[in-house]
Amino acid sequence: MAVFKRDSTSGKWQPTPLARGPFKGLQGGAISGLLISEIESQAAGRGWGRAISAHTSFLKPVPLTKLITTIEPLHEGGRVSVVDNHLFAEDEDQPSASVRVTLVEDREIDIPGFCAKASEYFTPEDFELVSRSAPHGEPWFMDIMDVRSSEEICWFKLSDIVAEGAGQLAQIAGPADWAHGIARPVQNIVADPNTDLSIHTFRAKVGDWVGVEPVTEWNPAIGVGLGQASLLDITGIFGSVTMSVALTPFPKSFHRKVEAPARATST
């Protein structure tokens, strides 16, 4: 079952409750995944190549309502293509989010003297299962993820696709969007929404699991933070993610706690 379903008549997207985030609006990783998936679904037919990186800007909360997307190719042809996709809530004329995706035609290159790193091998199923509920108590994007946590890496596996046509990069966006929240300096003191999400990959992911090995930095003096992480599959690193964070005090009326998937020691 897809998290977003497209109406075949109007072309609009309908998010299911599984697209929701922990607070108001949809989860950033779900939004990013939808926008990337639409580009990936058209890539082969338009000769764009494989999506290797994406930068999503979250401009305002996206409501659980019908959504409209508009694709805007910036450069097509040669080996590299760059394509934008903008997301609008129904009946709004300003975008709620935008993504810029870079796509490259794969080409084997012989580099004398170059030696690739040896593969590692991880077994995420051996680590402790982490269960999470949203503060609002309703279904949310985390419900489609099997989450396992070791001491250094949090592992995610999606049980559903974000949208029809989603490729690897679209499915990676959801786990990658947790990078800033896994290694918070302190928990449940301030909200730390990310204003953007930048994902870069240098090879195709192997298997269904995405590992996030995070580092988070906060600067309370200006209310800004940074989330970053290496992205891994069962054979090792395949990419990275970064995001800027706008630190925001919780309102006094806020009593429920929201936490990132906790790190745990393997069993």
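How many salt bridges does a search of the whole structure find? The search finds nine, a salt bridge being a side-chain nitrogen of Lys or Arg within 4 Å of a carboxyl oxygen of Asp or Glu. The model is predicted: local features need pLDDT of at least 70, side-chain atom pairs count only at pLDDT 80 or more, and totals for chains, interfaces and linings use all residues. Residues are numbered from 1 along each chain as its sequence is written, and side-chain values use heavy atoms, without hydrogens and water.

E92 sits in the loop between β5 (80-89) and β6, and K60 in the loop between β3 (50-58) and β4 (67-75), so the pair ties together parts 32 residues apart in sequence. Helices (H or I, at least four residues) and strands (E, at least two) are DSSP runs, numbered from the N terminus.

Helix α1 (residues 28-46) and helix α2 (residues 168-176) have axes that come within 8 Å and cross at roughly 175°. Axes are lines fitted to C-alpha atoms, for helices over the stretch in contact, with angles from 0 to 180 degrees between N-to-C directions. α1 is therefore roughly antiparallel to α2 (over 145 degrees).

Key:
Angles under 35 degrees count as roughly parallel, over 145 as roughly antiparallel, 65 to 115 as roughly perpendicular and the rest as oblique.
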